[in-house]
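Here are a few remarks for a colleague who is opening this entry without having seen it before. Please keep the sequence and the structure in view while reading.

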Amino acid sequence: MTQDSGSHPDTSQTATSNLVQVLGLADVNRAITRIAHEIIERNRGLDGVVIIGLQRGGVWLAERLVSTINHIEGEDKPSIPLGKLDVSLFRDDINLRPVTPVSVTDIPVDLTGSKVLLVDDVLFTGRTVRAALDALNQYGRPSSVQLAVMIDRGHRELPIRPDYVGKNLPTGRDEDVRVSPEGVTLSKKVNG
Amino acid sequence: MKHLRSIPELGVDGIVRILGLANHMAEVNRRPVPKVPALNGRTIVSLFFEDSTRTRISFETAAKRLSADTMTFSVSTSSVNKGESLKDTIETVSAMGVAAFVVRHKTSGIPWQLSEWTDASIINAGDGWHQHPTQALLDSFTIMSALGRSPSSDCLKGLTIGIVGDIRHSRVARSDIQAFTALGAKVVLVAPRTLLPPEVEGWPVTTSSSLDEVIGEVDVLYMLRMQRERMNEALVPNLGEYSARYGLDERRSKMLSEHALLMHPGPMNRGVEMLIDPASMPNNMITQQVANGVSVRMAVLFDVLGGSETGAGVVS
């Protein structure tokens, strides 16, 4: 499960900050393609699979996974349903974290009996995923729920593990991981 | 934000923050299960010393959709003594572990008084002729949404909003004027001189005593409830004359511009200020105001109780 992207990312630090490039554009693309293949392999036929991106960082990744899977499977097959889920009001640390009022939940199908694949950019404490499992319940009873993330940075506080990982990245709690379609960076958290 | 007591206290940044949160809550209300665990374990007490249907039920619906526990404490105006007994009531109920009081009282300023007697948050659901901040927020939200605009400090810019009726005795009008003008709208008050308050000179509004002169120019026509008891005070000669000059009838409804929104805070006096069936108007927002009230009050409760010390910490 723990593959590296296989490339040699630029780890030089920039002059203005302690920003470290962990994955580049090509690495992110390769990871998405690999995860897409793994999803197809593990869910033979993709019957009943629904891909749901977690607001906000997981949404673009879910969209990319769906388009990549469609491309691999052939455009003549029906597309996998794609949804987004905002969990801010389901969190157990609601007093500690800001909410993002612009994020919306949009689940296009009844989830009862479906195989839900939750997608997020970074897996950290696991509390977002726990909140997402609660929120999902309001849209039906999936037959299974899987989890795909671009970065698993460790420090789990709950018994949650990902099924698909772009890259395992050991981090300190005081570090900040940023994921975008262009790449992944790691930096020391700025105080305040 | 610790309390919501008035629009000026909330400020324009606070108004914009609540409008953004309300957008999010409106989306929650469209979900198949419109309920989230955000305020699980918090207790909210409605303390209504004045009659109310929609505001009280709207607040309770909002609290329940955020999974808070609600209790209602209804007191008829006549049975309540001010001063010590009100203090005792608040202290007693607070001692049970209450996170917030939603208060309506006939005396202006009561929400400020109560917040000296309890550590709980105070949300003003109407105090005398003074303030009704959640009404102003839901009215602003309704206009903003109807125009397809996003929350910002100038989201009502370019609009002329006509508020018609008994401005003098209306807490809705006072809060609305403050919210609408803070968001960039122009407000014109339409009422007989006797129903305008003396302090109107200092307000950022224009006034007119003729609805016919103004009605064609407004983007929003906001009709206030004409309270029948005002007739006894001889502020208006009789209801018939008030209706003839300030009521919305068939003839005036045709003078409204096509895009103009029709609003009313309820409860409506059919046959007094409303002489037509508002449902026949294409841009009738009255039901939408009630629906939006739940989303806006969810936003207020979440901002007061769900956030950190400095408010809900909204990220846009």
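The points below take up a helix pair in chain B and then a sheet in chain A.

1. Before anything else, please bear in mind that this is a predicted model, and that the values quoted below are computed from it.

2. In chain B, helix H1 (residues 7–29) packs against helix H5 (residues 133–146) at an angle of about 45°, and their axes are 10 Å apart. Because angles under 35 degrees count as roughly parallel and those from 65 to 115 as roughly perpendicular, the two helices H1(B) and H5(B) are described as oblique to each other. The crossing in which H1(B) passes H5(B) is right-handed.

3. The residues that meet are, on the side of H1(B), Ile7(B), Leu10(B), Ile15(B), Ile18(B), Leu19(B) and Ala22(B), and, on the side of H5(B), Pro133(B), Ala136(B), Leu137(B), Ser140(B), Phe141(B) and Met144(B). Sorted by class, this contact of H1(B) with H5(B) comprises 11 nonpolar residues and one polar residue, with no charged residues.

4. In chain A, three strands make up an open sheet, in the order S1-S8-S7, with antiparallel pairing. Strands S1 (20–23) and S7 (175–180) of chain A are at the edges, and each has a single partner strand, so one side of each is left without a neighbour in the sheet. From one strand to the next, the twist averages 25°.

5. Looking at one pairing in detail, S1(A) and strand S8 (residues 183–188) of chain A run in the antiparallel sense and are joined over three bridges. Within this pairing, Val20(A) stands opposite Leu186(A), which belongs to S8(A).

Terms used
Residues are numbered from 1 along each chain as its sequence is written. Chains are lettered from A and ligands numbered from 1 in the order in which they are written. This is a predicted model: local features need pLDDT of at least 70, side-chain atom pairs count only at pLDDT 80 or more; totals for chains, interfaces and linings use all residues. Axes are lines fitted to C-alpha atoms, for helices over the stretch in contact, and angles run from 0 to 180 degrees between N-to-C directions. Helices (H or I, at least four residues) and strands (E, at least two) are DSSP runs, numbered from the N terminus. Angles under 35 degrees count as roughly parallel, over 145 as roughly antiparallel, 65 to 115 as roughly perpendicular and the rest as oblique. A crossing is left-handed if the near helix is turned anticlockwise from the far one by less than a right angle, and right-handed if clockwise. Two residues are in contact if their C-beta atoms, placed from the backbone, lie within 7 Å. Ala, Val, Leu, Ile, Met, Phe, Trp, Tyr, Cys and Pro count as nonpolar, Asp, Glu, Lys and Arg as charged, and the others, Gly among them, as polar. Two strands pair if DSSP finds at least two bridges between them.
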